[in-house]
Amino acid sequence: MHTINVILWMTLVSLLACGMVSSTRAATTTPTALQLLRSKRPLVIGHRGYAAVAPENSLPSFQRALAAGADLIELDYYHSKDGVPVVVHDDTLDRTTDAVQRWGGSKHRPGDYTVSQLKELQTGLWFKPPYPDAPFPTLTDAFDVIQKGSVTLIERKGGDAATCVQLLRDRGLINRVIVQSFDWAYLRAFRAMDRDQVLAALGPPYSRDGKRLTESERALNARWLDEIQSMGMQVAAWNKQVDKTAVRAAHRRGLKVWVYTINDEATAHQLLDAGVDGIISDNPALIWKCLATRR
Ligand code: G3P
Ligand code: CA
């Protein structure tokens with residue numbers, strides 16, 4: 001049954017790629033966050049959209065991830081100077097926008113500019129080949145693309161939890177998206193304000209109590225899982241330091257395990273063998289291929 005489902009998905013992805021069916025599933029059929037957590041197969045999650053083929057965290061990247069049938073589409077946000085969540089990965093605009101060419105200087109931070117100033121920027125000119133029409137997106141611009149047929153995996157890089165909670169409530173998006181962060185204080189603050197929203201703890205932390213952690217201390221283990229569970233999270237989103245024992249321990253606690261950022265088939269298969277519940281990849285179609293070709 002699992003194999004048949006995956007083959008059907010692969011067929012759909014091929015048809016979408018050929019333009020034979022609409023790339024936008026009806027919004028009413030888009031799964032909720034809770035339905036995704038109940039999935040019987042591992043989830044395919046596009047990292048920064050479909051960053052292997054389009055400029056990361058841009059609207060074209062999100063459109064391509066949608067066309068590739070990604071279950072979730074990940075992005076990163078900071079706040080603009082006037083407190084609007086805007087989509088960008090780095091803490092400066094220099095690498096992925098034309099801020100330096102347009103404004104001169106360097107180290108342009110999203111929080112130094114209003115949203116109307118940020119809207120002057122393009123996000124696809126640095127990419128090879130360049131995308132000439134990829135305007136700088138706010139978080140709501142991204143929702144308007146992604147939520148037509150997928151689920152946004154929002155990674156908070158900067159900004160307070162209250163603004164995100166309010167934005168999701170205002171737009172009716174609580175549990176129509178999933179929120180994650182490396183900043184566990186932000187996640188605790190979010191959970192204190194909202195009991196329902198599905199949240200993912202990104203890990204591993206680099207240090208604890210001012211002490212840098214070793215590689216083995218950073219692997220997913222019972223201690224991390226206990227902490228994540230006690231914070232009221234639903235997902236541990238970890239890097240590759242995940243094994244079968246850790247996934248079993250997570251499942252015993254009612255937690256899901258997702259892994260990032262997996263861009264090669266061998267690692268994807270190794271993590272699928274370990275039983276992970278989701279794979280975050282720059283190349284969602286590669287992960288569909290892995291699922292389709294597993295015995
Ligand atoms: O989704 C997890 C992953 O995006 C975290 O790392 O640096 O790509 O935001 P980064
Ligand atoms: Ca991210």
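With which handedness does α3 pass α6? The crossing is right-handed. The legends below describe close-up views of a predicted model.

**View 1. Helices α3 and α6 pack against each other at an angle of about 25 degrees.** Helix α3 covers residues 59–67, and helix α6 covers residues 139–146. Their axes lie 9 Å apart. Angles under 35 degrees count as roughly parallel, and α3 and α6 are therefore roughly parallel to each other. α3 passes α6 in a right-handed crossing. From α3, the contact is made by Leu59, Phe62, Gln63 and Leu66. From α6, Asp141, Ala142, Val145 and Ile146 take part. By class, this contact of α3 with α6 has six nonpolar residues, one polar and one charged.

**View 2. Helices α7 and α8 cross at roughly 45 degrees.** Helix α7 spans residues 161–170, and helix α8 spans residues 184–193. Their axes come within 9 Å. The two helices are therefore oblique to each other. α7 passes α8 in a right-handed crossing. On the α7 side, the contact is made by Ala161, Ala162, Cys164, Val165, Leu168 and Arg169. On the α8 side, Tyr186, Ala189, Phe190 and Met193 contribute. The contact of α7 with α8 has nine nonpolar residues, no polar ones and one charged.

View 3. Glu74 and Asp76 are buried. Glu155 has 5% relative accessibility, so this residue counts as buried.

View 4. Which residues does glutamate 155 touch, not counting residues up to four places away in sequence? The contacts are Glu74, Leu75, Asp76, Tyr77, Gln180, Phe182 and Leu202. Val179 lies 24 residues away along the chain from Glu155. The C-alpha atoms of Glu155 and Val179 are separated by 6.0 Å.

Key. Residues numbered from 1 in each chain as written. Chains lettered and ligands numbered in written order. Predicted model: local features only at pLDDT ≥ 70, side-chain atom pairs only at ≥ 80, totals over all residues. Heavy atoms only, no water. Axes fitted to C-alpha atoms, helices over the stretch in contact; angles between N-to-C directions. Helix = DSSP H or I, 4+ residues; strand = E, 2+ residues; numbered from the N terminus. Parallel < 35°, antiparallel > 145°, perpendicular 65-115°, else oblique. Left-handed = near helix turned anticlockwise from the far one by under 90°. Contact = heavy atoms within 4.5 Å. Nonpolar A, V, L, I, M, F, W, Y, C, P; charged D, E, K, R; others polar. Buried < 20%, exposed > 50% of the residue type's maximum accessible area, 1.4 Å probe, protein only.
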